Amino acid sequence: MSSAGQSGTESATAEHPKAYPPPEEFAASAVATADLYDEADADRLAFWAKQARALQWDTDFTDTLDWSNAPFAKWFVGGKLNVAANCLDRHVEAGNGDRVAIHWVGEPGDTRDLTYAQLLAEVSKAANYIGELGLTAGDRVAIYMPMVPEAIVAILACARLGLPHSVVFAGFSAAALRSRVDDAEAKLVITTDGQFRRGKPAPLKSAVDEALGTGEDAAKSVEHVLVVKRTDHDPDLNWVQGRDLWWHETVGQASDQHSYTAFDAEHPLFLLYTSGTTGKPKGILHTSGGYLTQIAYTFKNVFDHRPETDVFWCGADIGWVTGHSYLVYGPLSNGATEIVYEGTPNSPNEHRHFEIIEKYKVTTYYVAPTLIRTFMKWGREIPDAHDLTSLRLLGSVGEPINPEAWRWYRTVIGADRCPIVDTWWQTETGAMMISPLPGVTHAKPGSAMRPLPGISAKIVDDDANPVAPGEQGYLVLDQPWPSMLRGVWGDDDRFRDTYWSRFAAQGWYFAGDGARYDEDGALWVLGRIDDVMNVSGHRISTSEVESALVGHSGVAEAAVIGAADETTGQGIVAFVILRSGVEDRGDELIDELKAHVSKDISPIAKPREIIVVPELPKTRSGKIMRRLLKDVAEGRELGDTSTLVDPTVFENIRRRNG
Ligand code: WT7
């Protein structure tokens with residue numbers, strides 16, 4: 001479990017109040033008021049039906065929820081809508097076509113603004129051309145792109161045509177892309193020639209070529225690769241005739257008028273692969289009506305959104321669920337104006353984010369705690385050098401936020417004026433689930449506070465009994481919610497096993513997080529209780545990194561754990577046993593192993609530390625005792641070693657660890 005300072009029991013002082021009430025002025029005109037809780041409590045389904053009807057439906061739904069085939073939910077039964085039309089056409093038709101949808105801030109210094117009318121025209125072109133390629137509703141499209149406007153255009157064009165997209169983070173390796181393309185049997189891959197990294201061009205399409213292979217090894221499902229020219233700087237750019245197509249020569253020439261069709265509320269909208277405890281990443285399936293309902297509702301109410309005056313900025317990449325929900329569908333379905341930033345926070349220097357806030361007068365800023373801790377490390381002189389007075393609301397997502405970082409965020413970035421919303425949710429939940437409402441709920445530093453109106457959660461013990469305040473238990477969701485995952489792509493058994501078998505008798509969703517309520521009823525999420533690590537807000541399974549390591553010819557066995565890390569929340573620490581006859585070449589070997597994992601999965605999965613050991617601590621039943629490895633990695637006294645086959649293995653491990 002994460003140990004990022006989740007005490008929650010510290011005593012209150014004048015300087016460090018236990019809870020922060022919403023600022024009066026903010027509360028007085030807040031979008032969401034306390035009656036939202038009452039309304040949802042009075043009739044949960046009627047509440048969700050009302051939220052759904054805030055969208056534009058081509059055919060109204062007849063039933064709010066069909067849960068008869070649990071855990072396979074159907075929300076807004078019989079309803080038909082087009083998700084892209086809800087994000088674009090609706091706003092243009094309402095007379096807001098000239099409102100900026102996206103202020104794109106690119107590298108190296110490129111910028112571009114797109115209004116709703118312009119974005120609709122771009123999406124229409126892409127939809128027209130992708131339709132011409134012969135893809136039909138239900139066909140899957142893989143999107144492997146950096147943070148360029150065309151990535152959002154591609155996503156919305158897929159939504160418009162009813163083609164479920166599978167966005168693969170552009171930092172993932174060719175191998176990771178291939179396994180996702182194969183699993184989803186994608187017909188089309190959309191990518192760019194290259195991407196900028198800290199201002200320097202790097203190839204990207206080459207990874208697509210490597211992933212898709214040739215001849216016997218070619219990915220069977222893929223018919224075309226559509227390539228946006230971004231860097232124009234790959235001297236070895238490979239081109240497969242008949243398969244590869246330039247975006248500007250095809251989409252660029254298509255008509256900007258496109259009439260959409262409406263799809264069933266349960267039509268698949270996207271797949272997003274995420275790590276689990278075992279096996280390969282699973283394709284989490286989200287559908288249209290329920291997803292968009294909860295995304296639009298949470299964006300509006302949790303971010304207190306005012307479309308005429310707010311400038312929203314979500315710092316996530318489109319490769320993660322936060323990017324899908326709060327960079328694409330949430331802001332655009334609300335007609336918001338938002339920042340889309342291509343670069344990193346310290347390129348060209350550490351002032352980058354604050355310059356952008358100042359220049360575009362950002363009002364609402366939503367990032368992961370790991371970034372806040374990085375800002376803390378860089379020092380407050382950096383944000384202090386900028387006018388951040390446009391900010392009025394701050395958000396946190398992806399991992400537990402330690403109270404110290406929360407307070408720093410509130411004081412230094414928010415000038416003690418802006419409420420903070422700490423939002424708990426998951427790839428699987430699709431949208432925010434547990435979070436304060438900024439004008440209503442008191443906020444405690446480090447607590448996500450309470451389930452949002454319409455959402456129900458419990459904290460229970462092994463026998464499904466609610467735990468007492470202060471006690472730790474499992475976080476479960478005991479009622480279905482509109483944006484819940486509808487399955488794991490192609491694997492119903494895995495869907496049931498992973499999420500619904502732990503509390504099968506009760507029919508509850510098992511989130512995989514530990515949590516507790518405090519004496520005031522505030523909910524504290526404590527982190528994963530399974531073998532899933534959270535590094536800088538990214539989810540990586542220990543088994544994935546272990547299998548990458550044993551895929552190296554020198555490694556016989558590997559055990560990986562997430563050790564507490566001051567900046568990234570958790571850091572990956574690997575213990576490896578070398579194959580017999582393999583020479584321990586010290587740092588050279590360690591670097592080679594790190595590079596191997598980086599290439600096999602992604603630089604995100606690169607271990608912080610790799611320790612070569614002669615043996616791993618195992619129980620008599622052969623299970624690796626990760627808890628003890630964690631003690632070693634975090635420099636603690638060892639816990640109970642009595643069940644180990646060979647209690648002396650630790651002397652060797654400690655000696656090696658220095
Ligand atoms: C896991 C889900 C939420 C979208 C980005 C991550 C952890 C997420 C919080 C929070 C404490 C959090 C949980 C969860 N998590 N938000 N506010 N407080 N923990 O999505 O990759 O699917 O990861 O992130 O452990 O289970 P994800």
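I take partly exposed to mean a relative accessible area between the buried limit, under 20%, and the exposed limit, over 50%. The model I am reading is predicted.

**Entry 1, Lys18 and Asp520.** I looked up Lys18 and found a relative accessible area of 37%, so I noted Lys18 as partly exposed. Its side chain meets that of Asp520 in a salt bridge, at 3.4 Å from N to O. Lys18 lies in the segment before helix H1 and Asp520 in the loop between E24 and strand E25, so this pair ties together parts that are 502 residues apart in sequence. Asp520 is also partly exposed, at 48%. I then found both residues in a network of salt bridges that links Lys18, Lys444, Asp518, Glu519 and Asp520.

I searched the whole structure and got 42 salt bridges. One of them joins the side chains of Arg99 and Glu308, at 3.7 Å from N to O. Arg99 sits in the loop between helix H5 and strand E4, and Glu308 in the loop between helix H11 and strand E16, so the pair ties together parts 209 residues apart in sequence. Arg99 is buried at 16%, whereas Glu308 is exposed at 65%. I also noted Glu609 with Arg608, where the closest N and O atoms are 3.8 Å apart.

Is strand E22 enclosed by the rest of the structure or exposed? I found five of its five residues buried, so E22 is largely enclosed. Four bridges join E22 to strand E21, antiparallel, and Lys458 has Val476 as its bridge partner. E22 also pairs with strand E24 in the antiparallel sense, over four bridges. There, Tyr474 has Gly514 as its bridge partner.

Notes: Residues are numbered from 1 along each chain as its sequence is written. This is a predicted model: local features need pLDDT of at least 70, side-chain atom pairs count only at pLDDT 80 or more; totals for chains, interfaces and linings use all residues. Side-chain values use heavy atoms; hydrogens and water are left out. Buried means under 20% relative accessible area, exposed over 50%, partly exposed in between (1.4 Å probe, protein chains only). Helices (H or I, at least four residues) and strands (E, at least two) are DSSP runs, numbered from the N terminus. Two strands pair if DSSP finds at least two bridges between them. A salt bridge is a side-chain nitrogen of Lys or Arg within 4 Å of a carboxyl oxygen of Asp or Glu.
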